[in-house]
Amino acid sequence: MSAVRVCADTGVCVGSGQCALRVPEVFDQREEDGVVVVLDEHPPPSLREAVHQAVLGCPSGALRLEDAD
């Protein structure tokens, strides 16, 4: 499995918090407005599927995965 990088477009994020609920090891939210904060741009393989599901479940499409290779 190749390495991935988690990217977030904070200008698109609507602050729903679904990503932070799904994978709190990787995502958080800013206190002032709830916008996504990526805590770990290169999550370990053990979290890869959960991160993928968080990306797919983002209601605004603010999250994406890129190949890190």
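User: Which residue's side chain meets that of Arg64 in a salt bridge?

Analyst: This is a predicted model, in which local features need pLDDT of at least 70, side-chain atom pairs count only at pLDDT 80 or more, and totals for chains, interfaces and linings use all residues. Residues are numbered from 1 along each chain as its sequence is written, and side-chain values use heavy atoms, with hydrogens and water left out. A salt bridge is a side-chain nitrogen of Lys or Arg within 4 Å of a carboxyl oxygen of Asp or Glu. The N to O distance of 2.9 Å meets that rule, and the partner of Arg64 is Glu66.

User: Is Glu66 buried, partly exposed or exposed?

Analyst: Buried means under 20% relative accessible area, exposed means over 50%, and partly exposed lies in between (1.4 Å probe, protein chains only). The relative accessibility of Glu66 is 26%. Glu66 therefore counts as partly exposed.

User: What is the N to O distance in the salt bridge between Asp33 and Arg30?

Analyst: Arg30 also meets the side chain of Glu32 in a salt bridge, at 3.5 Å from N to O. For the side chains of Asp33 and Arg30, the N to O value is 2.6 Å.

User: Is Glu32 buried or exposed?

Analyst: Arg30 has 31% relative accessibility and counts as partly exposed, as does Asp33 at 41%. Glu32 has a relative accessible area of 63%, so this residue is exposed.

User: How many salt bridges does the structure have by this rule?

Analyst: The pairs described above include Glu66 with Arg64 and Asp33 with Arg30. By this rule, the count of salt bridges is five.

User: How many disulfides does the structure hold?

Analyst: A disulfide is a pair of cysteine sulfur atoms within 2.5 Å. The sulfur of Cys19 is 6.4 Å from the closest cysteine sulfur, in Cys13, which is too far for a bond. Cys58 is in no disulfide either, as its nearest cysteine sulfur, that of Cys13, is 6.4 Å away. The number of disulfides is zero.

User: What is the relative accessible area of Cys19?

Analyst: Cys58 is buried, with a relative accessible area of 18%. Cys19 is buried as well, and its relative accessible area is 10%.
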